Structures are given as structure tokens and as C-alpha cells.
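The entries below follow the order of my search.

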Amino acid sequence: MDRRRRFIVSIAMLITGMSVGFLLLGTIYDGPRWVAFLVFAAYLAITTLVIRFSYRYARSLKNEEKR
């Protein structure tokens, strides 16, 4: 498997693990809802940034393979 595919698979596993962790945390958390909302907002921000920057990196890997 080339570097680009391995990178994409690792990012997909990272996001899947983060999502499962957030869902498990959300099911057992018993505190204030505003704290849960802040954690959810941080989760969305981190996931968005990971996808955004990994897309750029994967695109540069694709361009590097063409050379």
C-alpha cells in the first residue's frame, strides 16, 4: 500500500476512535449539559481541522507520487 492510502486509513481510524470515545463519554456523563456541549464543540473543531489539514497533506503526497 502506498503512503497516501496508509495515511488516509490512519486518519479514518483516528476519527472513528475519537467518535466512539465521544459517544461513550456522552452516554455515561452525568454533569451539566453546557459542559457536554463545550466538549462536543471542541470535538467538532478538532475533527474539522484534522480533516482539513490531512486533505492538504494527502493531496501533496499525491502530487509527490506523480513526480
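Entry 1, Arg-3. I looked up the exposure of Arg-3 in this predicted model. Arg-3 has a relative accessible area of 42% and is partly exposed.

I searched the whole structure and found one salt bridge. It joins the side chains of Arg-3 and Glu-64, with an N to O distance of 3.5 Å. I then noted where the two residues lie: Arg-3 belongs to helix α1 (residues 3–28) and Glu-64 to helix α2 (residues 33–66), so the contact ties together parts that are 61 residues apart in sequence. For Glu-64 I recorded a relative accessibility of 46%, which makes this residue partly exposed as well.

The search of the whole structure returned four aromatic pairs. One of them is Phe-22 with Tyr-43, whose ring centres lie 5.1 Å apart. I class this pair as stacked because its planes stand at 5 degrees, and the cut-off for stacking is under 30 degrees. Phe-22 is in helix α1 and Tyr-43 in helix α2, so that the pair links distant parts of the chain, 21 residues apart.

Is Tyr-43 buried or exposed? I found a relative accessibility of 17% for Tyr-43, which counts as buried because the limit is under 20%. I also noted that Tyr-43 forms one aromatic cluster with Phe-22 and Phe-40.

Methods. Residues numbered from 1 in each chain as written. Predicted model: local features only at pLDDT ≥ 70, side-chain atom pairs only at ≥ 80, totals over all residues. Heavy atoms only, no water. Salt bridge = Lys/Arg side-chain N within 4 Å of Asp/Glu carboxyl O. Helix = DSSP H or I, 4+ residues; strand = E, 2+ residues; numbered from the N terminus. Buried < 20%, exposed > 50% of the residue type's maximum accessible area, 1.4 Å probe, protein only. Phe/Tyr/Trp six-rings, centres within 6.5 Å; stacked < 30°, edge-to-face > 60°.
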